[in-house]
Amino acid sequence: AAKVRIAERGGAPNCAFVEADAYNIAQVVREPVDHVFLANAFHGVPNKPRLARAVHDVLKPGGLFAVVSWYARSREETTVLGEPRGPATELRMTPEQTIAEIEPGGLRFRNLAEVSPYHYGAVFERAH
């Protein structure tokens with residue numbers, strides 16, 4: 001869907017979509033990158049610090065890792081068109097939990113952003 005939307009807007013020559021095992025991102029992304037974006041999936045990653053380290057290793061110095069995640073509210077509280085949405089309640093993470101899982105991977109927490117009533121964005125930076 002993202003590829004279609006970008007194409008409809010005239011494309012983005014500096015944007016590449018990669019589909020692969022995220023732990024092995026360095027095998028797919030051969031050159032250091034400025035940004036890595038992950039949405040609505042971090043809660044399900046079995047080894048979160050390992051993923052953070054893998055992202056760290058493909059980022060340029062000063063590069064950013066942005067994680068959009070569901071607030072740790074019950075699924076019944078996050079409805080769209082009257083229906084519960086998002087991951088199981090027990091999988092949801094607070095921003096503090098997300099930060100605590102990512103920083104051991106070598107990335108420094110930079111800022112938190114309100115994305116929607118149900119989502120937050122946590123941004124991390126690779127040191128220079």
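View 1. At 2% relative accessibility, L107 counts as buried (buried means under 20% relative accessible area, exposed over 50%, partly exposed in between, with a 1.4 Å probe and protein chains only). This is a predicted model, where local features need pLDDT of at least 70, side-chain atom pairs count only at pLDDT 80 or more, and totals for chains, interfaces and linings use all residues. Residues are numbered from 1 along each chain as its sequence is written, and side-chain values use heavy atoms, with hydrogens and water left out. L107 sits in strand β5; helices (H or I, at least four residues) and strands (E, at least two) are DSSP runs, numbered from the N terminus. Skipping neighbours within four places in sequence, L107 is in contact with A52, V55, H56, L59, F65, I102, F124, E125 and R126 (contact means heavy atoms within 4.5 Å). The C-alpha atoms of L107 and A127 are 7.1 Å apart, though 20 residues separate the two along the chain.

**View 2. E125 and its polar partner.** Look for E125 in strand β6. At 10% relative accessibility, E125 is buried too. Its side chain makes a polar contact of 2.6 Å with that of R108 (a pair of N or O atoms within 3.5 Å; within protein, one must be able to donate a hydrogen and the other to accept it, and residues adjacent in sequence count only if both atoms are side-chain atoms). Not counting residues up to four places away in sequence, E125 touches G62, G63, L64, L107, R108 and R110.

**View 3. The open sheet.** Four strands line up in the order β1-β2-β6-β5, with mixed pairing (two strands pair if DSSP finds at least two bridges between them). β1 (33-39) and β5 (107-114) are at the edges with a single partner strand each, so one side of each has no neighbour in the sheet. β1 and β2 (residues 59-70) run parallel, joined by six bridges, and H35 has L64 as its bridge partner in β2. β2 and β6 pair in the antiparallel sense over seven bridges, with V67 opposite A122 in β6.

**View 4. From β1 to β2.** V33 stands opposite L59 in β2. The chain goes from β1 through α3 to β2, a right-handed β-α-β crossover (with the strands pointing away from the viewer, the path from the first strand over the helix to the second runs clockwise).
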